Amino acid sequence: MLPKSIQTAIDALSDLPGIGSRSAERLVFSLLRNQTGLSDRLADSLGKLSESVRECQACHNYCESELCPICQSSREHKRICVVESPIDVLAIEKTHEFKGRYHVLHGVISPMNKVSPDDLRIASLLQRLQASSETEEVILAMSGNVEGEATALYLTDQIHRLTNIKVSRLARGIPSGGDLDYLDVGTLSRALIDRGEV
Ligand SMILES: [Zn+2]
C-alpha cells in the first residue's frame with residue numbers, strides 16, 4: 001500500500017493525456033528522489049497556470065494580458081489563420097511561413113462529444129471578420145480528421161455567407177487525423193505554401 005500522498009500524486013499525473021499509471025509512478029518516484037526542489041518548482045509553476053493564463057481578447061490564444069504578443073505586434077492584418085488549439089499556433093510559428101494573425105477555436109465541432117459551434121470561439125471569429133476591413137484571406141488550418149473537416153466546412157459556409165473574404169485551406173499532405181503539432185516543420189510549411197482557396 002502506497003502512502004496516500006504518493007498515490008494522490010500518481011492518480012493526478014495519470015489523468016494527463018499520454019501518461020499511464022506506470023509512467024505516473026515512475027515520475028512520482030523520480031520526483032521524490034530529486035534533491036533540487038523540482039517538485040516544489042513544478043507545484044509552484046503549475047499552481048500559477050490557472051490564475052495567470054487567460055485567453056487573448058482578440059484571437060483567444062493563451063496569454064497573460066488582455067491581448068497576446070502576436071495581436072499586440074505589427075504583424076499583418078491581411079491574413080488570419082484559424083486553428084483548433086494554442087499548440088497549433090506554436091507549430092505554425094515554427095515554420096516562419098506565416099506573417100499574419102491567428103484565431104484559436106479551442107476545439108472542433110463534434111456531435112459525438114456534444115461540442116457544437118456555440119461551444120467554440122466561432123461567433124467571435126465571425127464578428128472579428130465582419131468588423132475588419134483589412135482581412136483579405138482566412139486560412140483554415142484544421143486537422144484532417146472527420147471533425148476537423150466538418151468544422152472547416154461549417155466555417156467556410158459561414159464566412160462566405162457573411163463576408164467577401166477569401167477562404168483557403170492547408171494543402172493535402174496533412175495526415176488524416178494528424179494534429180498539426182505532430183507534423184514536421186517542412187511538411188507544415190509546404191501545406192501552408194500550397195494552400196488552396198475553397
Ligand atoms: Zn491574440
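The protein is divided into domain 1 (4-52) and domain 2 (75-197), with bounds that come from an automatic or database domain assignment. Between the C-alpha centres of domain 1 and domain 2 the distance is 34 Å. Please keep in mind that this is a predicted model, where local features need pLDDT of at least 70, side-chain atom pairs count only at pLDDT 80 or more, and totals for chains, interfaces and linings use all residues. Residue numbers start from 1 along each chain as its sequence is written.

Let us turn to the helix pairs. Helices (H or I, at least four residues) and strands (E, at least two) are DSSP runs, numbered from the N terminus. Axes are lines fitted to C-alpha atoms, for helices over the stretch in contact, and angles run from 0 to 180 degrees between N-to-C directions.

| Helix pair | Angle | Axis separation |
|---|---|---|
| Helix 1 (residues 4-14) and helix 2 (residues 21-33) | about 130° | 8 Å |
| Helix 6 (residues 122-131) and helix 7 (residues 146-162) | about 30° | 10 Å |

Angles under 35 degrees count as roughly parallel, over 145 as roughly antiparallel, 65 to 115 as roughly perpendicular and the rest as oblique. Helix 1 and helix 2 are therefore oblique to each other, and their crossing is right-handed (the near helix is turned clockwise from the far one by less than a right angle). On the helix 1 side, the contact (C-beta atoms, placed from the backbone, within 7 Å) uses Ile6, Ala9, Ile10, Leu13 and Ser14, and helix 2 brings Ser21, Ala24, Glu25, Leu27 and Val28. These residues comprise 7 nonpolar, 2 polar and 1 charged; here Ala, Val, Leu, Ile, Met, Phe, Trp, Tyr, Cys and Pro count as nonpolar, Asp, Glu, Lys and Arg as charged, and the others, Gly among them, as polar.

Helix 6 and helix 7, by their angle, are therefore roughly parallel to each other, and they too have a right-handed crossing. Ile122, Leu126, Leu129 and Gln130 of helix 6 meet Leu155, Gln158, Ile159 and Leu162 of helix 7. That contact has 6 nonpolar residues, 2 polar and no charged.

Strand 5 (residues 137-140) and strand 6 (residues 166-169) run parallel, joined by 4 bridges. Valine 138 has valine 167 in strand 6 as its bridge partner.

Notes
Contact = placed C-beta atoms within 7 Å. Pairing = 2+ DSSP bridges.
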